[in-house]
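Dear colleague,

Please find below the structure that I am handing over to you. My notes on it follow directly after.

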Amino acid sequence: MTLLPAQTNKKLGLVIDLDVCVGCHACVVNCKEWNTGGYGAPLGDVDAYGDNPSGAWLNRIHTFEVTPDDAPAQIVHFPKSCLHCEDAPCVTVCPTGASYKRSEDGIVLVDESMCIGCSLCAWACPYGAREMDPVENVMKKCTLCVDRIYNDNIPEIDRTPACVRTCPANARHFGDFADPNSNVSTMTRERGGYDLMPEMGTKPVNQYLPPRKKSRPEETTEIAPAFVPKAGEGLLGWLDRALEKLG
Amino acid sequence: MHPAISVIFFTVTSGAGFGLMTMIGLGFPMHNGIVAAFLSYLLGGGLAVAGLLSSTFHLGHPERAWRALSQWRSSWLSREGVIAIITLLLFAVYALIWMFTGQRIAPLGWAVAAGSLLTVYATSMIYAQLKTVPNWHSKLTPFCYLAFSIASGLLLAGMIGKATLILGLPTPTIIVIALGIAWIIKSVWWRRADTIGFSQTGSNTGTATGLGHLGKVRLLEKPHSGENYLTHEMVHQIGRKHALKLRAIAYILGGIIPVIMCTFALFITPVFFLLIAAISMIIGLFAERWLFFAEAKHAVSLYY
Ligand code: SF4
Ligand code: SF4
Ligand code: SF4
């Protein structure tokens, strides 16, 4: 059914913290690994060890350079997977009903057995979150690891998306945005989480946390240094004063 | 966007086929008799069907194409399929009655004409609905598709029909007017496309990453060193290289030569010259449709 649900009970999604992502691609690899054995057909590759390898990935890391007018450039690693949009244009364009948004938790999925591989949904997504599988010829996209998060057969600690579970920097967080007190809602509130391309009207669920303000050499920083060398008291203080006196 | 040959072929030929069906449905004077009626039916329906079949070639799973008829409530692609099939069925009934009784049932013909135009409109809306592709996301897009469909349908009808006067004007003159209108709309469309960029939504790499407020944003590293589905399908750039030349070819083959041929057709052997006009126009429209895809930029290119 490609009409969007009027509302969803939960709004499951990810918070991606651009301040701490180190661009290691661990989530990319773990996403591919999990989703090759999980939901739907394996994620295909062509010419994987040849000159011109390509394949379907549900999560990709871009790296951007941001240059302020008056400061040196900074590097931002930018993970991107489906944002599970509330007004998902990829769903309504689908002619077959293969693409749908779940009313219970808002996850956007593709029923691969119904997909005719027309590509229209990938055209409708502004974020490039959908990729055609080069082997199975069906549309692939992030499933929010629907086969992990509700999976009673794996330890509780693993019932979170593969990319979130694996991130060594803790740059990805999973939770329910419909609950104002959830981890993801709190983070978004406190760190100024934002939508990608809000002007496209897709109302993405996933939120991005901006890089924290960088200190600049000429500025006194807001954040106090963790350790201020202080040599007023004790043995060190006496040594300091004594050495000072020596000139 | 990647210009897929099957889709280019589909939009041009089924546009022409449904255009011809529109004309026949509206009562364009045709030769009578079972063979003439059958051949008219074959040309209109055949072009439409050939186009629709070709469009299934770019599908990953053509054998499931029937499923595309199910989501007409939200999807223009689905609507297109449903309306096309209903229209083709109505046209088959219309043609059968015409072949065997010599009667062309007017109300049924009008239904065929309306269905044909709706099909072409639905085709155009598949593209025009996409906010992600500003070149296409315009009210002008359906006008282009409809105008080209009507002009090519009129040209084909003029070629196989027996009308010498339409609305009081010689048939070739009417065709020239239809061609002129279509190409004027297309030039307006092109002029808009040349300047639109992503200004419609105001998107840029800054809004795509949300980092624009920090400074100038540029891509430093792609996710993978090679190409991927997205860059191939939506960040396609090869077609843009010869854009101006192809536009000239489209204007000449699709507009100027047919107009000259129509002028000849006013005086001598109309069928022959209209046939040349039709072939030239179809080739011109292939160039025009190639550019429709190749020149269109997708929002995802802001990430690449
Ligand atoms: S990010 Fe793209 S694929 Fe995912 S829901 Fe939004 S529009 Fe659809
Ligand atoms: S590619 Fe599959 S999921 Fe996407 S619009 Fe076509 S049928 Fe639907
Ligand atoms: S939630 Fe799962 S499918 Fe989606 S990007 Fe993360 S690992 Fe991949």
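The model is a predicted one. Around ligand 1 there are 13 residues, and A:Cys82, A:Leu83, A:Cys85, A:Cys90 and A:Cys125 come closest. This shell consists of 10 nonpolar, 1 polar and 2 charged residues.

Turning to the aromatic residues, 27 aromatic pairs were counted over all chains. In one of them, the ring centres of B:Tyr127 and B:Phe293 are 5.4 Å apart with their planes at 85 degrees, so the pair is edge-to-face. B:Tyr127 belongs to helix α4 (residues 106-128) of chain B and B:Phe293 to helix α10 (residues 270-294) of chain B; the two are 166 residues apart. Both B:Tyr127 and B:Phe293 are buried.

B:Trp190 and B:Tyr251 also form an edge-to-face pair, because their planes stand at 75 degrees, with the ring centres 5.4 Å apart. This pair ties helix α6 (residues 171-196) of chain B to helix α9 (residues 243-265) of chain B. B:Trp190 is buried, at 2% relative accessibility, whereas B:Tyr251 is partly exposed, at 30%.

One aromatic cluster includes A:Trp123, B:Tyr127, B:Trp136 and B:Phe293 among its members. Finally, A:Lys32 sits over the face of A:Trp57, 4.4 Å from the ring centre, and A:Arg148 over that of A:Trp34, at 4.6 Å.

With kind regards

Technical notes: Residues are numbered from 1 along each chain as its sequence is written. Chains are lettered from A and ligands numbered from 1 in the order in which they are written. This is a predicted model: local features need pLDDT of at least 70, side-chain atom pairs count only at pLDDT 80 or more; totals for chains, interfaces and linings use all residues. Side-chain values use heavy atoms; hydrogens and water are left out. A residue is near a molecule or strand if one of its heavy atoms lies within 4 Å of it. Ala, Val, Leu, Ile, Met, Phe, Trp, Tyr, Cys and Pro count as nonpolar, Asp, Glu, Lys and Arg as charged, and the others, Gly among them, as polar. Rings of Phe, Tyr and Trp (its six-membered ring) pair if their centres lie within 6.5 Å; planes under 30 degrees apart count as stacked, over 60 as edge-to-face and the rest as tilted. Helices (H or I, at least four residues) and strands (E, at least two) are DSSP runs, numbered from the N terminus. Buried means under 20% relative accessible area, exposed over 50%, partly exposed in between (1.4 Å probe, protein chains only). A charge sits over a ring if NZ of Lys or CZ of Arg is within 6 Å of the ring centre and within 35 degrees of the ring normal.
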